[in-house]
Amino acid sequence: MKDELRFIKLLVDLPWLRAVGHKIPNFKVENDMSITQVCFMPAPVGDCDTCCDRDDTIDIQYKLFTRANPIYHEAIIPGDADALSETRFSPSRPTVIYLFGFSEAITGASTTMLKNAFLHRGDYNFIAVDWSRLVVFPWYVSAVRNTRYMGRRLADFVEFLNSTGVPAGSLHVVGFSLGAEAAGFAGKDLKARGLRLGRITGLDPAYPGYGFEGKEAHLSRGDAIFVDVLHTNPGLFGFPRPIGDVDFYPNPGQWIQPGCWFDQLVKNSELSYF
């Protein structure tokens, strides 16, 4: 718990956050895409002494969206092939699995935008992983620890899909922030089981808690057949150095992207960029 409180103090004391001259909005969960959409709990979930116990039935849920159901999800129950066959999941479609980042909710901006983009682009199985209780605000240290746990559970889920005729090598896992790190741990776990994910896309993989460790402790090349990484906040909350097979740096040298300064986000009242 002390580690959590130190991190919260560090976050609040960041000079760029103080300098913008705006009060931080009250945190609340909303169904729109405003920047105030933060998943909050008064205690962390995990394996620390003061943590609430994990419960996979509520802490990790796999929610399927397709062109036939782009708004309302269907639940996929890990290990239940009969239940899977009763959903709109089709093994003949390409499958994307998405993990959002710290403090996000399944109804948040990143999940909504990615889901809509993929379904607009093609006929996909889009599986959003709802693990909001494991990455809940403000318990970042516990969330970092939970990425390894989420990685193991995601590896179990991929192994289940593989057993139903959906090869692990055909899957594309996309992760944002802590979600990217969890995707990396899933890839490492699957590799140890003799399976390989086809592709992992890391959207600004989280840096705090991972930056000073070796490649086995964060997303890295080799975690899938192909790993591509987008660095939009390098050196602050995102990894500054290349860690994938291909690494992209929009607006090189900028650790805050245009339009993403806190005061601009408050003014715009919505997220427009990752």
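Is His231 buried or exposed? With a relative accessible area of 0%, His231 is buried (buried means under 20% relative accessible area, exposed over 50%, and partly exposed in between, with a 1.4 Å probe and protein chains only).

Before the tour continues, please note that this is a predicted model, in which local features need pLDDT of at least 70, side-chain atom pairs count only at pLDDT 80 or more, and totals for chains, interfaces and linings use all residues. Residues are numbered from 1 along each chain as its sequence is written, and side-chain values use heavy atoms, with hydrogens and water left out.

**First stop: His231**

Select His231, which is found in the loop between strand 7 (226-230) and strand 8 (246-248) (strands are DSSP runs of E, at least two residues, numbered from the N terminus). Next, show Asp247: its side chain makes a polar contact with the side chain of His231 at 2.6 Å (a polar contact is a pair of N or O atoms within 3.5 Å; within protein, one must be able to donate a hydrogen and the other to accept it, and residues adjacent in sequence count only if both atoms are side-chain atoms). Then show Phe239, whose backbone oxygen lies 2.7 Å from a polar atom of the side chain of His231.

**Second stop: the cysteines**

Select Cys48 and Cys51, which a disulfide joins, S to S 1.9 Å (a disulfide is a pair of cysteine sulfur atoms within 2.5 Å). This link is right-handed, with 100° about the S-S bond, and both Cys48 and Cys51 are buried.

Finally, select Cys52, which is partly exposed, with a relative accessible area of 32%.

How values were computed: Helices (H or I, at least four residues) and strands (E, at least two) are DSSP runs, numbered from the N terminus.
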